[in-house]
Amino acid sequence: MKLHFMVPAFSLMIFSSVSAAVLTGDTSNPYNSLFKPGENIILSFRVEGLPAGKKETLLLDFQDQNGKSRKMQQVPFQADGKGAWHGEISDVPRAEYGFYRVMAKLSDGTLLRKTGSRPAGCLTYAVVPDPALRKVHPPEDSFFGLHGNSRGKATLGPWIGCRWGMRIMEKDREAFLKARKNAAWVFYSYEVFRGPTSVFNLLTSQQKKGNLIGNEQSLRPVTPEGERLIAEVYRNIAKRGLDQKGFDKNMRYQVLWEPDLYLSDDDIVRIYRIARKAIREADPEALILGPCFSHIGLGSVDAHRRLFEKGFLDYVDEVTLHPYIPYPVEENGLVENIRALRETVEKYARGRKIGIRANEAGYSAVATPAEERIQMYGQLRAALILLGEGILSNEPFYGYDHDSSGKGDYGLTYNLTIPHHIWGTERVAPRPVFPALAAASFLLEGHRPTSVIEYLGDTVLGYSYADRNDHCVIALWDFSGRSARVRIETGRGQIQVADMMGNVKSVKTDGGSLALALTEAPVYILDVDPKLWGRNAERKIIPDTLSPQGIAGESVTISGSIQENGALSVKPPATFRMEETAIPVRKGSRYSVKIRIPRTLSEGRYPFLLNLKGADGRILSSTGVRVQVRPPVALEQEQAVCSADGSFGIRFKLRNLSGRACGGSVSSRIPGVPECTRKIKFRLEGKQSGEYLLLFPGFEPSPFEIWKTELLVETDSGYRAKRKGEFNFLAASYLPGVGRNADFSAWKTPDYLDLPQECVRAPGFHGGKNDLSGRIAFGWNEEYFLVNIRVRDDVFFQKATGRNLWNGDSVQLGFARARTIPRTTNSVGEQLLLAFSEINAALTPNGPEAWRAYSFDPENLKTGSLSNVELPRDISVSENADGSTEILYRIAVPWHFLNLKNVQAGMSVYCAGTVNDRDAEFARQNDVSAIGFFKLKRLPPKNFGGVILKK
Amino acid sequence: MHPLLFTALLAASCSVSGAALEYAGCLGQSQEESASPVPYTAVYSAAGDSSNLYFITGPYPGAGELWRLPHGSRTAEKVRGATGGTLLSDGTNLYLVEGRYVFKLENGVRQEKPLLDMKRTYDRVVVANAHAKAGFGVAAKFFAYDRKAKKVDAWKADGTMLPTVLDLGKTASRSPFYSLGYHAESGSLIASTGYPELRTYRFTPDGAKQSGNWPLRGSASAFFNLDGVCWGVEAGATTFRSHPVSGGRERIGGESDRYTYAIAGDGGDGFFLATSQGLKHYARENLSECDFRIGGLPGISALALSKGRVIAVCDGAIHSMLLDDSQSAPLQNAGNEAWRVGANWASRGVAVQPGENAVFLILDRTKKGVWRFDPSRTAWGDAARFRFEGGKFRAPDDMAFRDGSVIVADAGRLNVKNDLAEPVTRVDIFPSGEIVAANTGNVFFLKDGKTLWRFSGKVADIAVLEDFIAVSGEKLLLLDRNGKVVTEKDFRLTALAAEGRWLIGASPERKGILRFKLNREKE
């Protein structure tokens, strides 16, 4: 027998069974599936479409938010004469607070039917704190809110503990009272001028004409009459507000919504000036909120600063913000950015105390357990940080899913009536984030921050909070994705610790010291000693710095002052291999402890706990510092290089950080590539730096592959540090004069590289190599970075122009000066250093067009069409013998497009791109397919590839 | 004879067409070239004194050799053959337990006369620390556990047997005790229960099990005292302190060290674990990642090389390395725990080839099919790491891939059209489609199913290396596409694999893998 089979045939194909049966189910609270502790929970299931009398089994698996099974159950049944069955399950897990996902299917594989945005195969419910047990606090002590609530019996507010949210002013007091009928839940709010109360809707077309321009969110006056008109609207709404205060002592008005996306700073300031005056005329006690910028990522603090420089803060009483930020929030700088924003507000507030509110932020999560965990941790930890950093209130976005696709989006709950009834739904079911936020608000509402706990580990963060009665709670977590073991002083012999969902257990401490294994799921330590953590806790240990620095093999001094008599214990981490040190201290004195840093200790921040103990051994105060250990020799500025003979390698700088001479070696490695194993020796005098090069002759890397590199520094004193990096190895040829006046004729024999054949966009429209393939070459000279792309396309199709030219046969190219830079709070500076821009080019009906789609410097390098003078290019199409077309793109990118002036051989610049392909009109092909090199659209320019300028 | 068929003689001229094979060192064998290779992979016992570490390596527990590794060195030397036992240390002296006898070791040399005759063999033997001043160690020196009788017997240092010191049958545990240790910190005896309880109990001389923190979570197959701290081993090592603070148990290594048989100090502040993958060293700075390994890699039946990753199939185990690894680099991804990966791997891999997405496909002669092995999957219990993909062969010997098709040498025949009259057991293929097949005495070159030439000589394996054919046997040969010997090297290799300019071969003599680079410049 001759066998000749294909490799993919090894992959086993699994076909799911096909059944006509329909399985549906719900909980005994079908409105929102939220339950109080102890409340009876009944699940009801209905099956239809089975063969009459068929015996079947309903399989149930009750899982928690981590997919861990808590209970499995099999329910055998027999369909009736019509092939239907209905049954109820009452013995379901409900003893603990938390999220429960019931995976439900029949034994023939029929999954529970998808309902709204809740995916097929499951229903969910949650056990959350009894709303009746939630205390009411005054607005200044209330923090937790919710953006977007479901209606009727599905209301989420009391279940999640929402005390803050937006409102839309009713027409008059009568309507207000009618709407608030039976509203017992205390809720503080602000008017948002949206929907029926938006300025845009309240002005007629006739009024707007000539006086105001823009759509609903970008509406702005262009004449004095326009200013008068919008002032009138703000004034009228504020007048209405005087009769509709409800639980609010002062009415709050959010004048604009995410205006940074639609309006210039000057327009924002102008509109706020008008609105504040008008609102205050109607209600002198009204509070004005703004600017409500759309995120707290890279650049947003600086955007606030620019606005504040124009006097914006004179027109608001509370700053509002939508702190959207990627997960993990800590690594993406939420803490640093909030602090920087707070400092910026303080700097420009002219002595006024202006607080900050967060009134919308969240995570769009497709309804998969993995994305929902990110949503849960992201929302919860952002809330704990915002509360801990002194933000006044926070509104997670959004109460329920509202994307009509029904795949799951920002909702804290599934919307069970998508797509028929989206807004104001009356049927929802919880996602994991909901009970986590409900627990946080239950445990922490009424509390305000008393201290930040940053010294327990490099990836450990936490806060202590206290309420007016000095009831103290600590929240702690590790954001690395791994676990961290920490110890913290509680001042209690026994303490209650609550998990992320609010389940409390009592834990014995070691004389007040509590050992915890932290993960990405925060834990709450309840009722810690207010003398240590409370509002009036005296900070009896005052370190000089929270981050003393030292060099491995040398010593570091931990010092500060003491406000009480006692013994100060300094507890090092285990990696320091030294015993806890205790020194007697006196009130008002200074302490100073010299710590020897092990010579082999790797670079990092190491937590030291500082406890002040009284004569009776009781801990009077507890804090800590993180010792920043630096290497004796720092390895910096690694860069891929290409020698004149074409050998690739890595260049780097060594800096002796200590004052003493230091010698050793640096070894290179690219795992799996013997040609890259090289070693050089170095010797540097104290504080001296030197540049070094490791070349890899014989290494023939594929140009678009990212290689993992390792550089091992070993000093004669025994210090070892391995630096891992990622590089590609690709060189641009030196081509003097090419590109000037769009003349590329001197580039006669480009060193073409085959573009990766992998489809990176709309694979359904990509027909493989015969449909689209390409080759690329890079060049450079003193004026330009040169790109030459030769594309083979079965059909040339390009009917778009201008900003839409990407939507036909075209190239989209990203350029940057750097892939990443160290984070700073100067986001403008960061943008200039990265210098990322995207330029698209195509042969359109208008000729060789180019369009800058993104600019790092919108003021000087505007987005929009680029002339042939600004961006010299030559784009042509020719026909091959086989009928396919050859599209040749030759583009000269001036160096100032990458914020570079004096380029030199040996430098690297960064780029990525796609070659887009359309073969037919939109009606037949609703997206362009593409191949590409590196990753243009994934967190640009982080995933760009480097191009070495070779000479 | 077919006019296109000719026989090239082994003595054909060398270095005809300007290519050479450059030897580039060894993988999987920690010893320097000048030293005798460590003959086995697994190390079943280890203990150290102030100058050296001693370890027993062998094909299976109970049959091995005693080796010495001076502190600070990576080159070991054989001390004694035919040593099937366990090394013990009391912190001062070293002992060797062989059957019913306990011998003292002096500088690694077993004393003629046993120190102790236990009169029969036991399942576990442990020793109290030198100068023990508390607990069991005051009255006795050696303790031995009989699993069947569930009793621990003890002897004084002078060999006097004491009445049974501990009856584990009296302890109500959910699972039987399977190990025994002496807990130097407290002078107690400790013992672990097996699955499903997996707890470690501590016992005082009065036979009572101690409460409080004990029994501790976790079990260990053996216990060792290093600088007064008790370590238990199973998959890596974990401390078993008297008063473990929650979250405070130190750990060395982990699941990739399954199975760990012993732990010993390295003379400094690092540790060695004796494991089924060799003697693995852990520096104090990083106790979770092994930095080097002492041991060999014998019994390789198939090799593969893809994107710098080397896969070596040995009897019942699959080891992974990187092409540029140092000779003492730790082995990765041992696929020798069938129950761990859920695929019941206990078979005979005769060929391995890189598949799509960095997986490897292993041809199994016993199962007569192909396994899919994904070395990137290292998480505990990840069943996707190792899967049986199927296939229906009669007696497969080798396979090769080209353009998504697989060519198999099965029951002596290739599964593609060919004119071969003799059975073949090895096969490889050029990117341009020509097939190279071989049996133990011949290499055949086939184009479009027709044999163009035959090369006669002793053949263990073949591998296409760029434009050449590498042939292992009594020597390593490089043939060109015409069957001429381009170069030969005096290496006796078995399994071969090649990628780019790199060739690797299993060396039964060096008990490891030898690397060669094709150098075209050297005429």
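Trainee: Is Phe193(A) buried or exposed?
Mentor: A residue is buried if 20 or more other C-beta atoms, placed from the backbone, lie within 10 Å of its own, exposed if 12 or fewer, and partly exposed in between. Around Phe193(A) there are 26 other C-beta atoms within 10 Å, so this residue is buried.

Trainee: What pLDDT do local features need in this model?
Mentor: Residues are numbered from 1 along each chain as its sequence is written, while chains are lettered from A and ligands numbered from 1 in the order in which they are written. The model is predicted: totals for chains, interfaces and linings use all residues, side-chain atom pairs count only at pLDDT 80 or more, and local features need pLDDT of at least 70.

Trainee: What is the phi of Phe193(A)?
Mentor: Most residues other than glycine have a negative phi. Phe193(A) sits in the loop between β10 (188-191) and α3 (199-202) of chain A; helices (H or I, at least four residues) and strands (E, at least two) are DSSP runs, numbered from the N terminus. Its phi is positive, near 50 degrees.

Trainee: Does Leu939(A) count as buried or exposed?
Mentor: Leu939(A) also has a positive phi, near 45 degrees, and is located in the loop between β55 (929-933) and β56 (945-949) of chain A. With 11 C-beta neighbours inside 10 Å, Leu939(A) therefore counts as exposed.

Trainee: What is the radius of gyration of chain A?
Mentor: The radius is taken over C-alpha atoms, and the globule rule is 2.2 Å times the number of residues to the power 0.38. For 951 residues, a compact globule would have a value near 30 Å, and chain A agrees with this at 32 Å.

Trainee: Which residues have the most contacts inside the largest nonpolar core?
Mentor: Nonpolar side chains tend to be buried together in soluble globular proteins. A nonpolar core is a set of buried Ala, Val, Leu, Ile, Met, Phe, Trp, Tyr and Cys residues joined through C-beta atoms within 7 Å. The largest one has 176 residues, and those with the most contacts inside it are Leu380(A) and Leu437(A).

Trainee: At what angle do the axes of α7(A) and α8(A) cross?
Mentor: Axes are lines fitted to C-alpha atoms, for helices over the stretch in contact (C-beta atoms, placed from the backbone, within 7 Å), and angles run from 0 to 180 degrees between N-to-C directions. Angles under 35 degrees count as roughly parallel, over 145 as roughly antiparallel, 65 to 115 as roughly perpendicular and the rest as oblique, and α7(A) and α8(A) are therefore roughly parallel. The contact involves His304(A) and Phe308(A) of α7(A), and Leu341(A) and Tyr348(A) of α8(A), among others. The axes come within 9 Å and cross at roughly 10 degrees.

Trainee: Which strands stand at the edges of the open sheet in chain B?
Mentor: Four strands form this sheet in the order β24-β25-β26-β27 (chain B), with antiparallel pairing; two strands pair if DSSP finds at least two bridges between them. Two of these strands each have a single partner, so one side of each is left without a neighbour in the sheet: β24 (260-265) and β27 (292-294).

Trainee: Which residue of β25(B) is the bridge partner of Ile263(B)?
Mentor: β24(B) and β25 (residues 271-275) of chain B run antiparallel and are joined by five bridges. In β25(B), the partner of Ile263(B) is Leu273(B).

Conventions: Two residues are in contact if their C-beta atoms, placed from the backbone, lie within 7 Å.
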